[in-house]
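Thanks for coming. I'll take a few minutes on side-chain contacts and then on surface patches.

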Amino acid sequence: GRGTVRIEACAVSVLGGIQPGKLAEYVRAAVKGGMGDDGLMQRFQLAVYPDLPASWHYQDRSPSAAAERQAQATFERLRAITAASVGATMADGFDLPWLPLDDDARTLWIEWQEQLMPRLRSGTEPAHMESHLAKFPALACRLALVLHLADAEGGPVTGEAMARALDWCGYLESHARRIYAPLADGGLSAAHALLRKRTELPDVFTARDVYRKGWAGLDVDTTADAIDVLAEYGHVIELPPEPGAGRPSARYAWGASP
């Protein structure tokens with residue numbers, strides 16, 4: 001009711017970190033339907049889930065001043081570029097100026113898509129991965145453009161920049177699969193989460209005792225999956241129902257220590 005405000009090239013950048021438990025909880029909500037399934041998760045195209053090194057030792061050294069100067073100079077140059085300075089084209093039907101791919105870049109991009117798209121249409125990928133990877137062709141071009149311009153190049157995007165972008169996409173796909181892994185592990189992640197909370201539960205407990213705690217990664221559905229996995233391996237034992245009126249809740253006791 002307050003009119004329309006047009007924002008040219010509206011974009012939002014998000015930079016930060018999140019704990020694995022919180023991430024798993026969000027990912028489940030984002031792909032199982034309902035309010036959480038809004039397509040936002042699939043737009044975190046640069047998300048990574050690295051392993052922390054097993055070893056650690058203290059270091060006290062100054063950052064590389066030369067690398068810092070080079071990075072700062074690159075940022076300042078990218079901020080100052082204009083469409084004309086890099087030879088970008090403005091054409092009818094396009095909201096923004098653009099740079100074409102050179103022949104090598106175009107060939108690499110097409111060959112890569114010829115391998116990616118059949119995978120996405122074969123039915124072998126889960127729906128959430130299809131949705132995530134379907135955005136990779138556009139991501140590859142964006143990364144290639146950034147790499148091309150970061151190298152102080154103008155004119156068409158080069159094959160070298162595209163090759164680096166496609167390698168980056170391969171790296172990002174491996175991390176995307178790890179991010180979505182809790183959806184495909186049959187409750188194993190939730191089982192580990194429940195085992196870590198063993199000392200905070202009574203010797204005999206119900207599923208409701210678990211999910212009412214609000215622990216990350218242990219909602220109603222994932223708690224049931226976790227208990228099934230732990231029961232399969234003998235870490236929890238289902239007890240006979242207590243006598244009495246009504247429908248009793250299933251009760252569990254801890255079995256052998258993990």
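By salt bridge I mean a side-chain nitrogen of Lys or Arg within 4 Å of a carboxyl oxygen of Asp or Glu. Arginine 178 and aspartate 51 form one, with their closest N and O atoms 2.7 Å apart. Please keep in mind that this is a predicted model.

That pair links distant parts of the chain, 127 residues apart: arginine 178 sits in helix 6, residues 159-179, and aspartate 51 in the loop between helix 1 and helix 2. Aspartate 51 is exposed, at 58% relative accessible area, and arginine 178 is partly exposed, at 32%.

How many salt bridges does a search of the whole structure find? Eight. Another one of them joins the side chains of aspartate 103 and arginine 106, at 3.0 Å from N to O. Here both partners lie in helix 3, residues 103-121, and they are three residues apart, about one turn of the helix. Aspartate 103 is exposed, with a relative accessible area of 57%, while arginine 106 is partly exposed at 36%.

Arginine 119 and glutamate 173 also meet in a salt bridge, again with 3.0 Å from N to O. Arginine 119 is in helix 3 and glutamate 173 in helix 6, so this pair ties together parts 54 residues apart in sequence. Is glutamate 173 buried or exposed? It is buried, with a relative accessible area of 15%; the cut-off for buried is under 20%. Arginine 119 is partly exposed at 32%. Both belong to a network of salt bridges that links Arg119, Glu125, Glu173 and Arg177.

Now the aromatics. The structure holds three aromatic pairs. In one, the ring centres of phenylalanine 205 and tyrosine 252 are 6.1 Å apart and the planes are at 35°, so the pair counts as tilted. Phenylalanine 205 is in strand 1, residues 204-206, and tyrosine 252 in strand 3, residues 251-254; they are 47 residues apart. Both are buried. Phenylalanine 205 also pairs with tryptophan 254, with centres 4.9 Å apart and planes at 35°, so that pair is tilted as well. Tryptophan 254 is buried, at 13% relative accessible area. Ring pairs link Phe205, Tyr252 and Trp254 into a cluster.

Last, the surface. Leu46, Val48, Trp168 and Tyr171 make a nonpolar patch of about 370 Å². Valine 48, in the loop between helix 1 and helix 2, is partly exposed at 41%. A patch of negative charge gathers Asp221, Asp225, Asp228 and Glu232. Of these, aspartate 225 lies in helix 9, residues 220-232, and is partly exposed, with a relative accessible area of 35%.

Notes: Residues are numbered from 1 along each chain as its sequence is written. This is a predicted model: local features need pLDDT of at least 70, side-chain atom pairs count only at pLDDT 80 or more; totals for chains, interfaces and linings use all residues. Side-chain values use heavy atoms; hydrogens and water are left out. Patches are made of residues with over 30% relative accessible area and no salt bridge: like charges are joined within 9 Å, nonpolar side chains (Val, Leu, Ile, Met, Phe, Trp, Tyr) within 5 Å. Accessible areas come from the Shrake-Rupley method with a 1.4 Å probe; for residues, only the protein chains shown count as cover. Lys and Arg count as positive and Asp and Glu as negative; His and the chain ends are not counted. The place of a charge is taken as NZ of Lys, CZ of Arg, CG of Asp or CD of Glu. Helices (H or I, at least four residues) and strands (E, at least two) are DSSP runs, numbered from the N terminus. Buried means under 20% relative accessible area, exposed over 50%, partly exposed in between (1.4 Å probe, protein chains only). Rings of Phe, Tyr and Trp (its six-membered ring) pair if their centres lie within 6.5 Å; planes under 30 degrees apart count as stacked, over 60 as edge-to-face and the rest as tilted.
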